[in-house]
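Reader: I would like to learn how to read a few features of a structure, step by step. Could you walk me through one?

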Amino acid sequence: MLRFLIRSFLCVLAATGLCAQQTEVVLSATSSAKLVLAMTSPKLSGVEAAAVGTEFTAVLKRDLDETGVIAMLQERLPADESPVKAWKEAGAQWLLNTRLSRAANGDLKLEATALDTAAEKGVFTRTYNANKIVPLRHLAHYLADDLVGRLTGEKGVASSRIVFVRQVSPGVKEIFQVDRDGAGLMQLTRHGSLTLSPTLASDGRLAYVTYKGGAPEIWGQRRKDGPHEKIYPTSGAGGMLSSPSWSPDGKRLAFVQGDRRGNSDVMVLDLAAGRARRLTDGTGINTEPSWNPNGTQLAFTSDREGGPQVFLMQDDGSNLRKLTSEGTYNASPTWSPNGAMVAYVSRFEGKFDLFIYKLGEGKAYQITTGVSTSESPAWSPDERRLVFTSNRFGSSQLFTTDLSGRQIVRLTELAACQSPRWLRGR
Amino acid sequence: MRYGLYLVPAAIVLTLGSLACKPPKTAEQIKAETQAAFNEGYQAFKDGKGRETNPYSVAKEAKENPHKTTGWFDGWDKAKADKAAADQAATEKAAADAKAAADAKDAADKAAAEAAARSAAEAEKAGAYKKAAEAALKTIHFDYDKSDIKEADRVSLQGISDFMKAYPAGKLEIEGHCDERGTNEYNLALGNKRAAAALAYLKTLGVDEARFTTISYGKEKPLCTEAKEGCWSQNRRGEFKLK
């Protein structure tokens with residue numbers, strides 16, 4: 001009996017060891033510019049302590065750690081009831097106190113206050129009242145977003161979502177979404193076919209390409225929360241269609257149409273008028289259009305000079321200029337939400353790395369390095385991180401990185417994921 | 001064992017008892033027997049063989065089956081008797097109909113056999129078409145990031161052209177595929193370019209381009225997924241599918 005117990009204990013130990021090995025992703029998080037924040041244990045009334053530990057405290061800590069502007073104080077923490085001075089001596093600049101209480105009808109109330117330990121005065125006070133169906137982890141996301149907002153002037157993105165394509169079975173791909181912390185997986189399309197290239201308007205409207213009719217068609221939502229319907233072609237065959245991209249105002253849809261001579265061109269469809277206009281000149285490949293934030297210019301990939309390179313143009317096709325010059329394969333440009341940077345991928349020795357081109361400086365910076373490939377970058381709405389796909393653990397999975405490339409975090413353990421997009425709100 | 005002995009006589013008693021007591025007749029049975037007796041008498045009467053005496057009024061019968069005796073004289077129910085006759089006629093007619101139907105079925109079978117023979121001939125033709133297609137529609141391959149038709153694939157394309165000329169009603173879809181190196185979107189455009197290159201080459205061989213459709217799957221439908229040249233070169237391909 002004793003031997004059996006020992007054996008099963010060893011098995012469990014081995015299994016947890018394996019899990020730990022697989023989930024360990026955080027590489028490093030070092031930056032002197034971050035605010036050091038310490039958190040006392042939440043005071044609870046009517047809420048289960050175990051649930052709060054996993055669904056609130058841990059989620060909040062991870063959210064704040066990944067903001068890029070806050071560093072959680074992890075070591076040599078004073079006891080919860082210590083005076084503020086003790087927290088200051090431990091290194092904390094802000095001290096966060098929270099109180100969670102559940103009303104008789106099940107509704108949750110979260111009161112959060114943050115103290116500046118140097119000045120010993122409050123810097124943040126906020127109360128959240130949540131319906132009982134709101135998960136605890138969402139409350140943690142809201143609090144993290146408001147703390148970042150208090151610190152930087154722009155709300156955080158802990159309560160944002162990431163939409164991506166995932167292979168369901170060979171030849172069948174569908175569009176899914178997860179919360180920013182990798183929880184809450186949800187399937188958005190059920191076409192039972194190849195469904196690719198999602199794009200999200202700022203109001204959450206989805207558009208994508210699906211092969212369910214045999215040939216590719218662009219489908220999506222014409223109005224907020226509306227049904228998924230065919231958007232293009234309105235009649236007949238459309239040829240090769242790919243890469244839809246909503247304009248920032250959500251009134252136009254850039255996309256790529258390929259003809260029978262092998263050319264692919266960037267087109268812009270005016271949703272209200274139902275007319276599509278060709279922006280590129282019809283020789284070679286032009287694809288992957290990405291709007292600048294005010295909708296006046298597009299970045300795109302073209303092989304007009306041989307290999308694929310990133311170009312910029314006005315939204316009428318004029319003022320064409322080449323952005324990238326180093327390397328033989330530069331593609332997947334995505335304009336940053338504030339318009340100052342363009343992220344793209346560049347191929348080197350058979351694999352891709354992420355780069356950021358700073359338009360003000362006219363210079364490109366490499367973000368990722370390594371033996372594995374990193375593809376499909378998409379900006380976080382606050383421009384502090386990029387979500388991308390990488391095969392560093394075998395199959396193509398979703399990761400996020402800060403702009404230094406030093407803090408790379410695996411978003412989910414789902415395999416065979418591609419084309420992530422990052423959007424505020426849920 | 002002590003009480004087991006009692007089981008034997010008990011079993012004997014039960015068996016004999018159940019044999020001795022016939023189950024009583026049900027109302028249905030009685031009714032049917034009465035009607036049958038009446039029908040028999042009525043038929044005899046109609047045939048001119050009517051009898052003065054009740055054949056069932058034999059002392060023993062009458063005693064055991066009083067309903068048969070009564071049936072003879074007050075069970076006259078003309079409607080029921082006519083119905084029985086009609087039923088018989090209907091049965092006969094049904095039999096005749098069945099025979100006719102069987103005959104018709106034989107004829108239909110014969111026709112079907114002929115149709116089957118015809119469609120078999122067609123299927124054979126379609127089979128020949130399929131077989132010719134299978135032999136002719138060979139996958140072609142491309143170099144990395146290229147869409148030029150390779151020297152080695154010209155024979156395959158000539159075969160496809162010959163096939164299209166031999167079967168003028170045939171239509172094909174040309175699929176362009178890529179390996180995993182490259183972005184999803186760029187590879188969709190590249191696959192389109194590869195399908196278009198195959199289409200252009202077939203056009204130069206004299207096949208009407210209206211008989212082809214092209215589609216690009218980019219890197220979304222790989223044949224294999226290992227990260228090595230042996231697999232990548234298989235995935236950089238053009239496939240031809242009957243439409």
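Reader: Let's begin with the sheet in chain A: what is the order of its strands?

Author: Strands of a sheet pair through backbone hydrogen bonds, either parallel or antiparallel. In this predicted model, chain A has an open sheet of 4 strands in the order E10-E11-E12-E13, with antiparallel pairing. Strand E10 (195–200) and strand E13 (228–232) of chain A each have a single partner strand, so they stand at the edges and one side of each is left without a neighbour in the sheet. From one strand to the next, the twist averages 35°.

Reader: Over how many bridges do E12 and E13 of chain A pair?

Author: Strand E12 (residues 215–221) of chain A pairs with E13(A) over 4 bridges, in the antiparallel sense. To find one on screen, pick A:Ile218, whose bridge partner in E13(A) is A:Tyr232.

Reader: Now helices, please. At what angle do H2 and H4 of chain A pack?

Author: Two packed helices are described by the angle between their axes and the distance between the axes. Here, H2(A) and helix H4 (residues 136–152) of chain A pack at about 30°, with axes 8 Å apart. Angles under 35 degrees count as roughly parallel, so H2(A) is roughly parallel to H4(A). Their crossing is right-handed. The contact includes A:Val52, A:Phe56 and A:Leu60 of H2(A), and A:Leu139, A:Leu143 and A:Leu147 of H4(A). By class, the residues of this contact divide into 12 nonpolar, 1 polar and 3 charged.

Reader: Into which domains is chain A divided?

Author: Chain A is divided into domain 1 (33–152) and domain 2 (161–423). The centres of the two domains, taken over C-alpha atoms, are 36 Å apart. Each domain gives 6 residues to the contact. On the domain 1 side, helix H2 (residues 49–65) of chain A gives the most, with 3 residues. That side of domain 1 has 1 nonpolar, 1 polar and 4 charged residues.

Reader: And the two chains: how many residues of chain B are in contact with chain A?

Author: The size of an interface is often given as the accessible area lost when the parts come together. Here we can count residues instead: 19 residues of chain B are in contact with 27 residues of chain A. On the chain B side, helix H7 (184–204) and strand E3 (212–218) each supply at least two residues. H7(B) provides the largest share, 11 residues. The chain B side divides into 8 nonpolar, 6 polar and 5 charged residues.

Key:
Residues are numbered from 1 along each chain as its sequence is written. Chains are lettered from A and ligands numbered from 1 in the order in which they are written. This is a predicted model: local features need pLDDT of at least 70, side-chain atom pairs count only at pLDDT 80 or more; totals for chains, interfaces and linings use all residues. Two strands pair if DSSP finds at least two bridges between them. Axes are lines fitted to C-alpha atoms, for helices over the stretch in contact, and angles run from 0 to 180 degrees between N-to-C directions. Two residues are in contact if their C-beta atoms, placed from the backbone, lie within 7 Å. Ala, Val, Leu, Ile, Met, Phe, Trp, Tyr, Cys and Pro count as nonpolar, Asp, Glu, Lys and Arg as charged, and the others, Gly among them, as polar. Domain bounds come from an automatic or database domain assignment. Angles under 35 degrees count as roughly parallel, over 145 as roughly antiparallel, 65 to 115 as roughly perpendicular and the rest as oblique. A crossing is left-handed if the near helix is turned anticlockwise from the far one by less than a right angle, and right-handed if clockwise.
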